Amino acid sequence: MKIKTASIKNFRGINGDDPLIFNCDNFNILIGDNGTSKTAILEAINLCLSSNYVASRLGIDDFYLGSDQNIEIKVFFDEDFDVDIPDLFGNTQKIKCNGICLTAKKRDKSAPGKAFNDLVVTEHYYLP
């Protein structure tokens, strides 16, 4: 299974008003001057495909120009895959998906009784 496309909004140097849609072919090379978001593309894909501690790896500086708009990273694949979704009865259902999405937003305020909180709240979900 290969990555087909990646869509990135409000991440580092990538504006949310004009999201970057990166099409992946069999062979890709990222070439550009410093500050043109080459590394941001690779790190966005890595964050989206990571399942552990993503919120602690993101900071306020990862939002485009420090804006309050949410980061949204979507990665789509060339083949569908099955996801086992648990229900309330202890069973699972298989759902065909072809992508994964990561959204991140700045935390509004700290939770009561907590001394330390991540500054960013993330959600990971599959795209059917």
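## The loop between S1 and S2

Arg12 sits in the loop that links S1 and S2; strands here are DSSP runs of E with at least two residues, helices are H or I runs of at least four, and both are numbered from the N terminus. Arg12 isn't a glycine, yet its phi is positive, at about 50°. With 29% relative accessibility, Arg12 is partly exposed (buried is under 20% relative accessible area, exposed is over 50%, and partly exposed lies in between, using a 1.4 Å probe and protein chains only).

Asn10 is in the loop between strand S1 (3–9) and S2 too. Asn10 also has a positive phi, near 60°, without being a glycine, but Asn10 is buried at 4% relative accessibility.

## What you're looking at

This is a predicted model, where local features need pLDDT of at least 70 and side-chain atom pairs count only at pLDDT 80 or more, while totals for chains, interfaces and linings use all residues. Residues are numbered from 1 along each chain as its sequence is written, and side-chain values use heavy atoms, leaving out hydrogens and water.

## Strands side by side

Strand S3 (residues 71–86) runs antiparallel to strand S4 (residues 92–106), and 12 bridges join them; strands pair if DSSP finds at least two bridges between them. Ile73, for one, has Leu102 in S4 as its bridge partner. Five residues separate S3 and S4 in a hairpin, and Gly90 in the turn has a positive phi of about 85°.

S4 also pairs with strand S5 (residues 120–127), again antiparallel, through eight bridges. Here Thr103 has Glu123 in S5 as its bridge partner.
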